Amino acid sequence: MSTEIAVGIDLGTTFSVVARLDDTGSPVTLVNSEGDRVTPSVVLFDAEDVVIGKEALKAIATEADHVAECSKRDVGYRVFHKVFDGKQYPPEVIEAWILNKLRTDAAARIGHFDKVVITVPAYFDEVRRKATQDAGYMAGLEVLDIINEPTAAAVAFGYQKGMLDAKGTASEPQRILVYDLGGGTFDVSVMEIRGSDFVALATDGDVRLGGYDWDQRLVDLVAEGFIREHYVDPREDPSTAGKLWRECEDAKRTLSARNKASVACDYRGFSSRVEITRKQFEEATQDLLDRTRFTATQALKAAKLNWDQIDRILLVGGSTRMPMVRDMLRQLSGKEPDASVAADEAVAHGAALRAGLLLAERQGKRGTFSIKNVNSHSLGVVGTDPLTGRKRNGILVPHNTPLPVTAKRTFKTQKANQKSILVEVVEGESPSIEGCTQIGRCSVQHLPPNLPEQSPIDVLFHYRTNGRLTVRVSVPDTDSKVETEFTRENSLSKEHLDGWRNYISQMAPTDYA
Ligand code: AMP
């Protein structure tokens, strides 16, 4: 039997990275079939063909209507916001196609594998975590674990600093604020590295804020310049807008290194070259940066720490290369941010280390490091306010509670001989149901017969370290066990998952085992 391979996948909004552990146990990035270390998380639906990565990204400039980009932003919704040839796909299916390319490309390098650890933004809620796990399943993978991107980056950092050897380390605990600004999401986690334990103290973020928003501001700046000159808006045509986005994303990178960049735009026979200075760009995106500053401050507060108690600010995610990010953090904390981990690859490396650890544990070996996580959103059940009669969120597990945690809620039957009870589970901080994410419901259908009115029904919520939830229901003081199925909102059924798994595997090149 061949030795199992541990693979970590950073499934990013704009780019994805795959890493494995080499023979010495060090994480290394795997190049894809195009020879690149990062793969654009972009899918082109071209008639019967599905093309993923670099070629799909190029197609944005010519066939924008057939290209799915930033699907990670829509994960958690029922369908992706664009329609392709009359078809609407669940975002996790688009993610599955991306994962499938990552899998087959990696298999070409290292042989067949299926066990992976996939990373998600720390701020992803339960529904999005489940959808990511489902995407892995549909891509023919066995998802060993889902871990948070900032935690993965901290693990990669710890490894780099020699904290993960078998003996652990005798060094003082280090408190790290991980500032992770990627292509589509922003995460901030306050972590404590105690020897070889990685403990999250608080986490916060924004699942719809990332480099993509900076790109769009640049697109707007260029488009406004173009309108002033030619009285037409290049954003109105999807392919021109797509091409403009690619040009602007490139110009944004230039602006990280130089004080000005220029963007060419052609539309309806008009052409312009618009020059943008770094100052203009920074002014146009100041509010986006301010949102990250506010969130970082909130996370620090939630961890009950001040900047003096933070040893290091770890920069993760390609967008932290923007000088405005570093300037802001320097000014806010009085510290020099640490860019010593590879901004694009650290997350995948941390995931590979986690995958290696899980495989070792399965083989009965002792792990060299541990991860302790907190929940990124409060978990509650829907109750009725006795005064107003309105539905409200009864929080059971508050935000930033250390995981795993088990919480119990006792419900009472409303009438004698009640046959069923409905429990609705929500995530979010808002007292009103509208401001929360509906996770799902469980309906207990076969309560024991002849229960008197006001009989207690215990509902146990078990929140695991990876942020996934299981729900169990029991009726105290009775022998009968009540089995219940937790039905999720917006989640694909097992039948659909299997259908997509077969379909995607048929569409793709076979493994190079
Ligand atoms: P990630 O998801 O961590 O790979 O981050 C991808 C994001 O980083 C994209 O929005 C890129 O445009 C952005 N990015 C990469 N390099 C740079 C750079 N030099 N300057 C500004 N943004 C960058």
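Which side chains meet in a salt bridge with 2.6 Å from N to O? In this predicted model, the two partners are R268 and E236, whose side chains form that salt bridge. The pair links distant parts of the chain, since R268 belongs to the loop between β13 (260–267) and β14 (270–277), while E236 belongs to the loop between α5 and α6, 32 residues apart. With a relative accessibility of 56%, R268 counts as exposed, whereas E236, at 46%, is partly exposed.

The loop that holds E236 also holds Y231, which is found between α5 (211–230) and α6 (238–257). The backbone of Y231 deserves a look, for its phi is near 60°, a positive value in a residue other than glycine. Y231 is also exposed, because its relative accessible area is 69% and the cut-off for that word is over 50%.

N450 is not a glycine, and yet it has a positive phi of about 60°; its place is the loop between β21 (437–444) and β22 (456–463). At 62% relative accessibility, N450 counts as exposed.

D458 is buried, with a relative accessible area of 11%. Other salt bridges share partners, and in this way E4, D114, K115, E142 and R362 are joined into one network.

How many salt bridges does the count come to? The count comes to 36 salt bridges, and one of them is formed by D36 with K54, where the closest N and O atoms are 3.1 Å apart. D36 lies in the loop between β3 (27–29) and β4 (39–40), and K54 lies in helix α1 (residues 54–58), so this pair ties together parts that are 18 residues apart in sequence. Both ends are partly exposed, D36 with a relative accessible area of 23% and K54 with a relative accessibility of 36%.

E92 is buried yet has no salt bridge, and the nearest side chain of opposite charge, that of K130, is 7.4 Å away. The reason lies in the cut-off, because a salt bridge needs a side-chain nitrogen of Lys or Arg within 4 Å of a carboxyl oxygen of Asp or Glu. When residues up to four places away in sequence are not counted, E92 touches Y77, A131, A135, M138, N490 and L492.

From here the reader may turn to the strand β18 (residues 391–397), which contains I395. I395 counts as partly exposed, because its relative accessibility is 39%. Leaving aside residues up to four places away in sequence, I395 touches S378, L379, G380, G428 and E429. The C-alpha atoms of I395 and P431 are separated by 8.3 Å, although these two residues are 36 residues apart along the chain.

The loop between β18 and β19 (405–412) contains P404. What kind of peptide bond joins L403 and P404? The bond between L403 and P404 is a cis peptide bond, with omega about 0°.

In the side chain of E249, an N or O atom is 2.4 Å from an oxygen atom of the ligand, and in the side chain of S256, an N or O atom is 2.6 Å from a nitrogen atom of the ligand. S319 takes part through its backbone, where a polar atom is 3.2 Å from an oxygen atom of the ligand. Taken alone, the ligand exposes 500 Å², and the protein buries 91% of that.

Note on methods
Residues numbered from 1 in each chain as written. Predicted model: local features only at pLDDT ≥ 70, side-chain atom pairs only at ≥ 80, totals over all residues. Heavy atoms only, no water. Buried < 20%, exposed > 50% of the residue type's maximum accessible area, 1.4 Å probe, protein only. Lys, Arg positive; Asp, Glu negative; His and termini not counted. Contact = heavy atoms within 4.5 Å. Polar contact = N/O pair within 3.5 Å; in protein donor to acceptor, adjacent residues only side chain to side chain. Areas by Shrake-Rupley, 256 points an atom, 1.4 Å probe, with all protein chains shown as cover. Helix = DSSP H or I, 4+ residues; strand = E, 2+ residues; numbered from the N terminus.
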